[in-house]
Amino acid sequence: QRNAKKMERNQHLWELAMKAMDEVDSDFATKCTEIAVTYGFTGSPHIDKQNSTPFYGLSLGDFTEGTGCVSVECSARVLAEVNTKNRLGRVDGRYPHFVSQYNIHAEERFSLIYYETGGRYLQPGPAVFTVPHS
């Protein structure tokens, strides 16, 4: 019941977010089950154990271009930075990842994280992807 109320309160945001996703990857838009909305997020490297497929991230705000990226460990010696400012980036969150530094005290950063839980399961593949063009 709590989730139903939350969805009802945020239905318009969900519809707008899914419209943006549909323009980039319409197949994923039909399978996405969750969207996390964050503000001022920072965190240590973590793995998204509940994800069954890679996720998409979109960040918005006045933070400096090239900061506040999604950083993901591609291997023990390779760290990729995926710039999601005003664009969607696809990352496999089942690899260690985190938000790179930005000036959290002076800049705003919002993010939408689109992901899928349950249902289908894709074997973890590359840690980063190119965005498909329709």
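Trainee: Which helix holds Arg9?

Mentor: Helices are DSSP runs of H or I with at least four residues, strands are runs of E with at least two, and both are numbered from the N terminus. Arg9 sits in helix H1, residues 2-9. The model is predicted: local features need pLDDT of at least 70, side-chain atom pairs count only at pLDDT 80 or more, and totals for chains, interfaces and linings use all residues. Residues are numbered from 1 along each chain as its sequence is written, and side-chain values use heavy atoms, leaving out hydrogens and water.

Trainee: Is Arg9 buried or exposed?

Mentor: Buried means under 20% relative accessible area, exposed over 50%, partly exposed in between (1.4 Å probe, protein chains only). Arg9 is exposed, because its relative accessible area is 63%.

Trainee: How does Ala20 compare with those classes, and where does Ala20 lie?

Mentor: Ala20 lies in helix H2, residues 11-24. Ala20 counts as partly exposed, because its relative accessibility is 30%.

Trainee: What does Ala20 touch?

Mentor: Contact means heavy atoms within 4.5 Å. Setting aside residues up to four places away in sequence, Ala20 touches Leu88 and Tyr114.

Trainee: Which strand holds Arg90, and what is in contact with Arg90?

Mentor: Arg90 is in strand E5, residues 88-91. Beyond neighbours within four places in sequence, its contacts are Pro54, Phe55, Tyr56, Val128 and Phe129.
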